[in-house]
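Visitor: I have the sequence and the model open here. Can we go through them part by part?

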Amino acid sequence: MKFDFTSIIDRRGLDAIAVDMLGQGFAPAAPKAGFDPIPMWVADMNFPTAPSIQEAVIQRAQHPTFGYFSPRQEYFDAIIDWHRRRNGVEGLEPKHIGYANGVLGGVVSALNVLCSRGDKVLVHSPTYVGFTHAVDEDNGYHLVHSPLVQDAQGIWRMDYADMEEKLSREKIHAAILCSPHNPCGRVWERWELEKAMALFQKYDVYVISDEIWSDLTLGDHQHIPTQSVSEDAKMRTVAMYAPSKTFNLAGLVGSYRIIYNDYLRDRVDKAASMPHYNGMNVLSMYALIGAYSPTGEAWLEELRQVLKGNVDFACRYIRENFPGLEVSCPEGTYMLFVDCTAWCKAKGKTIDAVLSAAWDVGVAIQDGRQFNGPCHLRMNLALPLSRVEEAFTRLKEYVFCD
């Protein structure tokens, strides 16, 4: 491979909550003496980013002024070209693109237009913990969960009957769609999105589609933009994107929304501007331009191969070594969502005991209950394969053992 996905990077003391926050607040506990931490919880990557990003940021930082600015045409061109190449999107124009300080901030700005405080918002469960905090706990909306169900092959599916019943009974007019889904890793097929969007049209529901994971599909799975499945979907959807998950840029902050509906876009832009905080960082603009470049795309294609290998290894290892653990191998993202219910029942253990045993030996995985998984683990696999292998060796020896 041309790019480095094997070096083990020491992130300690360099502004990474993945390692520096262990043992504090909402993070996993720090490991016991003799075990180094393997960060597998917060959803950022332990790989060096694409060199074109560093080059773009460094080149701009060499100029000694960082005053007020407007987004460059190259910024919009990069986004438009990226979506054309990656997702087959045609007709995207700069006016359709708006900046947001993070996807969750963009979600809240859109909800402030679509809803009144106290309104109910449909989401699928398991549910990304950020939606729970930003929407329900911090901004006064109420999440209504429509559980995903697993078919005979273990694939997570939307339950359209449940969705329709809740949309009708609860008089819901806004929904958040996670595509690809976090934490389950589903890459929705076109027919699935078409069926969901037909329901939302029937009940006059506007949709916020979180597509931050859209670049990180695995194998032959292809992301389908929600706005592309019908003309109605195009006009009733606020789509949220960012290079942060794809290129490990969360610390630079810089997301964007795509809205084709002129009226809706004007209202969301106004809502986003009212707190007077929602301004782009000049270095994050250059980071996006460097990311959405030919070098960035080449780096992404190698990353997708690495992640597919890590996911395949982890799913195979679980099935061969941990009877009672259930996992649906993700089609996108780099997260595993592991159901420990049967194992815990057979062993007389709790999920707290599992988490504690893993954290003690440095396997810093995440409590799935934050995502509405009652006896689940969420595990980040965006590490060099050698570290993934070491983590599973420790789990076998110290956690999921007799």
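Predicted model: local features only at pLDDT ≥ 70, side-chain atom pairs only at ≥ 80, totals over all residues.

Visitor: Where is K171 placed?

Guide: K171 sits in the loop between α6 (160–169) and β7. Helices (H or I, at least four residues) and strands (E, at least two) are DSSP runs, numbered from the N terminus.

Visitor: New topic, cavities. How many of 30 Å³ or more does the structure hold?

Guide: The structure holds 3 cavities of 30 Å³ or more. On a 1 Å grid over the protein atoms alone, a cavity is a set of points where a 1.4 Å probe fits but cannot get out, and a pocket is an open set with protein on both sides within 12 Å along at least five of seven lines; lining residues have an atom within 4 Å of a point. Grid points are joined across faces, edges and corners, and a volume is the space filled by probe spheres set on the points.

Visitor: Which residues line the second largest cavity?

Guide: Its lining is V123, H124, P126, T127, Y128, F131, I176, L177, C178, H181 and N182. The elements that give two or more residues to this lining are β3 and β7, and β7 has the largest share, 3 residues. The volume of the second largest cavity is about 50 Å³.

Visitor: What classes are in that lining?

Guide: The lining of the second largest cavity divides into 7 nonpolar, 4 polar and no charged residues. Here Ala, Val, Leu, Ile, Met, Phe, Trp, Tyr, Cys and Pro count as nonpolar, Asp, Glu, Lys and Arg as charged, and the others, Gly among them, as polar.

Visitor: What volume does the largest cavity have?

Guide: The largest cavity has about 90 Å³. Of the 14 residues that line it, P243, V253, G254, S284 and L288 are the closest to its centre. α11 supplies the largest share of the lining, 4 residues.

Visitor: What does α11 pack with?

Guide: Helix α11 (residues 282–291) packs with helix α3 (residues 73–87) at an angle of about 35°, and their axes are 9 Å apart. Axes are lines fitted to C-alpha atoms, for helices over the stretch in contact, and angles run from 0 to 180 degrees between N-to-C directions.

Visitor: Which residues make the contact?

Guide: On α3 they are E74, Y75, A78, I79 and W82, and on α11 they are M285, L288, I289 and A291. Contact means heavy atoms within 4.5 Å. By class, the contact has 8 nonpolar, no polar and 1 charged.

Visitor: And the largest pocket, what volume has it?

Guide: The largest pocket has a volume of about 1400 Å³. It is lined by 47 residues, and D44, N248, L249, A250 and G251 are the closest to its centre. α2 gives the most to that lining, with 4 residues. The lining has 25 nonpolar, 15 polar and 7 charged residues.

Visitor: Last one, the open sheet. In what order do its strands come?

Guide: The 4 strands are in the order β11-β12-β15-β14, with antiparallel pairing. β11 (326–327) and β14 (366–367) are at the edges with a single partner strand each, so one side of each has no neighbour in the sheet. Two strands pair if DSSP finds at least two bridges between them.

Visitor: Which helix touches β11 and β12?

Guide: Helix α12 (residues 294–321) packs on the sheet there, and its direction makes about 15° with that of β12. Helix α14 (residues 351–360) also packs on the sheet, touching β14 and β15 (376–380).

Methods: Residues numbered from 1 in each chain as written. Heavy atoms only, no water.
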